[in-house]
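Have a look at the structure first, then read on.

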Amino acid sequence: MPAPINLSEAALDLAQGDYGDLDAAEYLLEYAVVMQPPYLVAGVGLAIGVLCGLTFAKLVENKLEGWKQDRLALLPLGSYTITLPYFGVVIGITLFIGGSLQVFGFSAGVALLVSFVLSIATAGALWVQLERLMGQVEDGTFSAVDFDNFDQFF
């Protein structure tokens with residue numbers, strides 16, 4: 001067991017810079033929390049997105065079946081039971097994209113902000129298109145969707 005150091009020896013070591021192979025940055029790294037890549041965040045986000053997406057698809061399918069059999073109204077589509085799973089999809093995909101960006105080295109704040117903006121923009125465009133298609137089905141003017149002609153989407 002080494003002998004305890006006294007203050008005069010410590011002051012001498014400080015003046016000479018004799019700390020062995022320890023660097024100040026290495027010493028401070030002991031106290032830094034190193035997070036593992038957020039695979040769990042990406043996985044949970046994917047699970048939430050898939051489960052809420054399947055729920056949303058089933059609810060829209062049930063609404064279409066109700067319209068087909070009993071001519072129930074398709075619009076407005078924004079009822080609580082349909083928008084809740086849709087927001088779940090947005091949250092899940094935001095977490096999935098944000099966690100995936102963090103795996104590639106983005107900071108948590110930037111990754112979640114970018115993924116939230118992407119998710120909201122995509123979700124808004126899809127919601128508008130879904131309402132337009134439901135309106136066409138209800139009016140009887142629905143035709144096959146041509147994905148090569150992007151003018152009809154905007």
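1. Which residues does V60 touch, not counting residues up to four places away in sequence? They are L130 and M134. Keep in mind that this is a predicted model.

2. On the α3 side you'll find F56, V60, L64 and W67, and on the α5 side W127, L130, M134, V137 and E138. By class, the contact of α3 with α5 has 8 nonpolar residues, 1 charged and no polar ones.

3. Now for how these two helices sit. The axes of α3 (residues 39–70) and α5 (residues 108–139) come within 11 Å and cross at roughly 15 degrees. Angles under 35 degrees count as roughly parallel, so α3 is roughly parallel to α5. Their crossing is right-handed.

4. Then compare α3 with its other partner, α4. Here the axes come within 7 Å, and the crossing angle is roughly 155 degrees. Anything over 145 counts as roughly antiparallel, and α3 and α4 are therefore roughly antiparallel to each other. The crossing of α3 past α4 is left-handed, and by class this contact has 16 nonpolar, 9 polar and 1 charged residues.

5. Finally, look for the largest nonpolar core. It has 12 residues, including F56, V60 and W67, along with L74, L77, I82, Y86 and V90. A123, W127, M134 and V137 are also in this core. At least two residues come from each of α3, α4 (80–103) and α5, with α5 giving the most, 4 residues.

Note on methods:
Residues are numbered from 1 along each chain as its sequence is written. This is a predicted model: local features need pLDDT of at least 70, side-chain atom pairs count only at pLDDT 80 or more; totals for chains, interfaces and linings use all residues. Side-chain values use heavy atoms; hydrogens and water are left out. Axes are lines fitted to C-alpha atoms, for helices over the stretch in contact, and angles run from 0 to 180 degrees between N-to-C directions. Angles under 35 degrees count as roughly parallel, over 145 as roughly antiparallel, 65 to 115 as roughly perpendicular and the rest as oblique. A crossing is left-handed if the near helix is turned anticlockwise from the far one by less than a right angle, and right-handed if clockwise. Contact means heavy atoms within 4.5 Å. Ala, Val, Leu, Ile, Met, Phe, Trp, Tyr, Cys and Pro count as nonpolar, Asp, Glu, Lys and Arg as charged, and the others, Gly among them, as polar. A nonpolar core is a set of buried Ala, Val, Leu, Ile, Met, Phe, Trp, Tyr and Cys residues joined through side-chain atoms within 4.5 Å. Buried means under 20% relative accessible area, exposed over 50%, partly exposed in between (1.4 Å probe, protein chains only).
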